[in-house]
Amino acid sequence: MLFRRRDTPPPPPPRPPRGGEWVELALDAETLKVEIRRHPTAQRLTLRVRAASRDVTLTAPPHVSYAAAATFVQRHREWVRVRLGRLPEGVPFVDGAIIPLRGEPHRICHVPEARGTVWEAESDDGEKLLCVAGDEPHVARRVADYLKRLAKADFTEASRRHAAALKVEIGRITLRDTSSRWGSCSSDGDLSYSWRLILAPGWVLDYLAAHECCHRLEMNHSPRYWRLVESIYPERRAAEAWLRANGAGLHRYGAE
């Protein structure tokens, strides 16, 4: 009797998991979830490693199948691993951590027996301290809240000062933790800033306030707009250069 060999059928293509589209990518000792984001105008598959959130996303055209997207991610495993490895280590808000405040290094000092919340001090040898009272589990939240309060105060003062110089009205001032932009100005004059700029030197924060206030007169980035910025903030190129060189690193502070 003759037996006909049956070829092993190919495995079925992977299916997208429930609750969104993502691909599991094995990297060394961990498994990373790569989110797939469909964009109507995307022309090709694009992987992106975000320094701010320390994650990986894949932008894909709507017509690309999940199987093709998953294969693309797996094929670029080494690229992802190398890029993630180049990111600076996160600096959580814990006792002993060194963080910048208005560009100056401060050491977080947990003082559990003290009263109050957070305050700035200086050690006997001149080291700048950020002292935090209360129980240890609350240190990170209290530091973050303190930095946001300082940022709100500094941005409010700088925005009002630049608005007065430009003779424009501004609306509400809010703080966010965005990774794509440092600030924004709405058509109604509401201003939004990243609180993380309190970590940068004060003159960088001041530049962002000037930048956004100028949008009250020019809602664009035309040559006329940049002339307006430089009329009230001549050092704008130095501030932009600082952000290009150091801005991404601000997002590592407070990381878990």
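User: What makes S10 and strand S11 (residues 191–194) paired strands?

Analyst: In this predicted model, three bridges join S10 to S11, and the two strands run antiparallel. Two strands pair if DSSP finds at least two bridges between them, so three bridges meet the requirement. Within this pairing, Cys185 stands opposite Leu191 in S11. Strands, like helices, are DSSP runs numbered from the N terminus (helices: H or I, at least four residues; strands: E, at least two).

User: Why are S9 and S10 said to stand at the edges of the sheet?

Analyst: The open sheet has three strands in the order S9-S11-S10, with mixed pairing. Strand S9 (173–176) and S10 each have a single partner strand, so one side of each is left without a neighbour in the sheet. From one strand to the next, the twist averages 15 degrees.

User: Which helices lie against these strands, helix H3 (residues 139–166) being one of them?

Analyst: H3 lies across S9 and S11 and runs at about 140 degrees to S9. H4 packs on the sheet and touches S10 and S11, its direction making about 150 degrees with that of S11. Contact here means heavy atoms within 4.5 Å. Angles run from 0 to 180 degrees between N-to-C directions, and axes are lines fitted to C-alpha atoms, for helices over the stretch in contact.

User: Which helix gives the most to the lining of the largest pocket?

Analyst: H4 does, with four residues. Strand S10 (183–185), helix H4 (202–214) and helix H6 (236–246) each supply at least two residues of that lining.

User: How are the residues numbered, and what limits apply to the values?

Analyst: Numbering starts from 1 along each chain as its sequence is written. Local features need pLDDT of at least 70, side-chain atom pairs count only at pLDDT 80 or more, totals for chains, interfaces and linings use all residues, and side-chain values use heavy atoms, leaving out hydrogens and water.
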